[in-house]
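Please look through the sequence and the model shown below before reading on.

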Amino acid sequence: MTVAPDASEPARRRSGGPRSVRRSLASIVLGFEVIVVFLGALVAFGLDAAPPAIALGGGAVLCVLFVATIALLRYPWSYPVGWALQAIVVASGFLVPAMFFVGALFAGMWAYAMITGSRLDQHDPGPQTSN
């Protein structure tokens, strides 16, 4: 007979440990970027900036890559993939010039998440005990 985990048990125990701040911030940035890339693909389609297959198909592929990267953030090699996705979003400014600004904004948020998340993970004092 198996016993279901207690609902009051902390999620970190069920998942194998506490989640890093870097990983949490990265997933937040990439999650919001999925929405922006989807809307950017619709703008590219609406402005006839690219053929429909490239605008909508490329946007869909990029959205899937973002979601897959979120799921793979437990692996160290996924963070350079995140940087590559940032470069692709900035490069999409050649189709829709406003994406240069949006891509730069998200690349800045990604850089902030990587730097600050790593710094906070290194300085984590661990669980506090009271006397």
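Two residues are in contact when they have heavy atoms within 4.5 Å of each other. Helices (H or I, at least four residues) and strands (E, at least two) are DSSP runs, numbered from the N terminus. This is a predicted model, in which local features need pLDDT of at least 70 and side-chain atom pairs count only at pLDDT 80 or more, while totals for chains, interfaces and linings use all residues. Residues are numbered from 1 along each chain as its sequence is written, and side-chain values use heavy atoms, with hydrogens and water left out.

The pairing of α2 with α4 can be followed in detail. Arg22, Arg23, Ala26, Leu30, Glu33 and Val37 in α2 meet Tyr79, Gln86 and Val89 in α4. The two helices, α2 and α4, pack at an angle of about 30°, with their axes 12 Å apart; axes are lines fitted to C-alpha atoms, for helices over the stretch in contact, and angles run from 0 to 180 degrees between N-to-C directions. Angles under 35 degrees count as roughly parallel, over 145 as roughly antiparallel, 65 to 115 as roughly perpendicular and the rest as oblique, and α2 and α4 are therefore roughly parallel to each other.

Next comes the nonpolar core, a set of buried Ala, Val, Leu, Ile, Met, Phe, Trp, Tyr and Cys residues joined through side-chain atoms within 4.5 Å. Of the 21 residues in the largest such core, Phe66 and Trp110 touch the most other members. The elements giving two or more residues to this core are α2 (21–46), α3 (52–71), α4 (78–91) and α5 (98–122), and the largest share, six residues, comes from α2. Trp110 is among the buried residues of α5, and, leaving aside neighbours within four places in sequence, Trp110 is in contact with Ala26, Val29, Leu30, Tyr79, Gly82, Trp83 and Gln86.

Finally, Asp48 is found in the loop between α2 and α3. Its phi is near 55°, a positive value in a residue other than glycine, and Asp48 is exposed, with a relative accessible area of 64%.

Notes: Buried means under 20% relative accessible area, exposed over 50%, partly exposed in between (1.4 Å probe, protein chains only).
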